[in-house]
Amino acid sequence: MLTTYAFGAVILVALVQFLIHLEHYRNETERVALYTQDSAALNQLLHELDSPLTRDEMGKTISRFETRYIGDQTDRPATEFKEAYLAGKPQARIIELAKARSASHTAAANMAKQRLERSDLSVKAYAALLGISVILCVFGGGWLFLRRSRHLEHLLEQRAAELDDVDASRRLFFAKASHELRTPVTAIRGEAEIALEDAEDLEAVREALGHINATAKFLNHRIEEMIGIARASDGKLHLDAARLDLRTIVEGAIEDARIFAASVAVSVEKTVPGRPVAVVGDAVWLKRALLAVIENALKFSPMDGKVTVRLEVKNGMGEITVTDNGPGVMPEELPLLFDAYYQTDAGKARGGSGLGLAMTRWVAEQHGGRAFARNIGSWRRPDGCAVTIAIKLEQS
């Protein structure tokens, strides 16, 4: 944009200067033509006075010169000659006056021609500058146009790639969502069929309804998890800010996970400090984030295994670490655990949407913290995986 303005300014200046010098050139041309005509009239007068003339003939010669001479209103040599004639000056005196006037006219004409030559050079120079400026502007404009076109082409390619990514993510989301919803819906339907078949056995019906209720809660949790991630990606999800105790978050998440833990025969133990761990944040989403980590640990723990949830304060952060005694994660896969839809091979075998840990990281970052994972024990033979959610503590 600045280059375009610069080219426009140069062209405007060159055009103005060209028009000014062109006007000077026209004026000098007219002046040179005037001097040429007047010099010719003086030369003609001198030629006619070169031979002896009577007084009457000399008066007629001066009158003819007066009609041929143009000059200006302040410079009228014909009047001077006529006054000398009427004063009875001899022909020789009038010839001297005419020669003097001719010499001054010749000098003035030469100066006018020099100014005309300089004006001609100026006009040609500014005409060349104007032409060069126009040519540079055309080429520069063409170059800027090509550059802008390439930039727009690059933007279009980038937007097309982003749309492809969005479309792929959308299709993956629907595939994951359909899988996540199909499993609990199938379980609910199966329990309902069992309850209907054993309608007379109240204990069996009560047990089936308990399983249906637990599965429905799990289903609701999964739906909220997926909707939350979708809204967070679009920037439409806003968290509330309230003072709360992380110990309450830990206890609430463990309580919600107990039904799932019982179904996979895994125990959940907690370790929390005796004093409140105060943070400012959204209790609902913090519990969802922690519950996603606990459910992930339960999913990878063997039967009769144990998941521990430890809350501690470190370096101005409240850290909640969930540890399982499952197979662990390959070192190169650890940084990818918190990417949306990413699942390890073991994770794919056990089901899941791959959204839980992505949501956990987003919630942690929104609370001024972070989420990270590490293996327990040797990297060759891990004894489990530990996922930590670090939340910035409330400033005292």
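The model you are looking at is predicted.

Let's begin with the whole chain. Its 396 residues include 36% that are buried, and the chain holds nine helices and seven strands. Now think about contacts between residues at least 6 apart in sequence: 73% of these join residues at least 24 apart. The accessible surface comes to about 23,700 Å², and carbon and sulfur atoms account for 57% of that area.

Next, find helix α6 (residues 246-263) and helix α7 (residues 283-300). Their axes are 9 Å apart, and the two helices pack at an angle of about 45 degrees. That is why α6 and α7 are described as oblique to each other. Their crossing is right-handed. Which residues meet here? From α6 they include L246, I249, V250 and F260, and from α7 they include L286, L290, L291 and I294. Sorted by class, this contact has 14 nonpolar residues, one polar residue and four charged ones. Among the residues taking part are D256 in α6 and K287 in α7.

Finally, let's visit two loops. Follow the chain from α6 towards β2 (267-271), and in the loop between them you will come to A265. This residue is not a glycine, yet it has a positive phi of about 60 degrees. Its relative accessibility is 29%, so A265 counts as partly exposed.

Further along, N315 sits in the loop between β4 (306-314) and β5 (317-323). N315 also has a positive phi, near 50 degrees, without being a glycine. Is N315 buried or exposed? At 81% relative accessibility, N315 counts as exposed, because the cut-off for that label is over 50%.

Technical notes: Residues are numbered from 1 along each chain as its sequence is written. This is a predicted model: local features need pLDDT of at least 70, side-chain atom pairs count only at pLDDT 80 or more; totals for chains, interfaces and linings use all residues. Side-chain values use heavy atoms; hydrogens and water are left out. Axes are lines fitted to C-alpha atoms, for helices over the stretch in contact, and angles run from 0 to 180 degrees between N-to-C directions. Helices (H or I, at least four residues) and strands (E, at least two) are DSSP runs, numbered from the N terminus. Angles under 35 degrees count as roughly parallel, over 145 as roughly antiparallel, 65 to 115 as roughly perpendicular and the rest as oblique. A crossing is left-handed if the near helix is turned anticlockwise from the far one by less than a right angle, and right-handed if clockwise. Contact means heavy atoms within 4.5 Å. Ala, Val, Leu, Ile, Met, Phe, Trp, Tyr, Cys and Pro count as nonpolar, Asp, Glu, Lys and Arg as charged, and the others, Gly among them, as polar. Buried means under 20% relative accessible area, exposed over 50%, partly exposed in between (1.4 Å probe, protein chains only). Accessible areas come from the Shrake-Rupley method with a 1.4 Å probe; for residues, only the protein chains shown count as cover.
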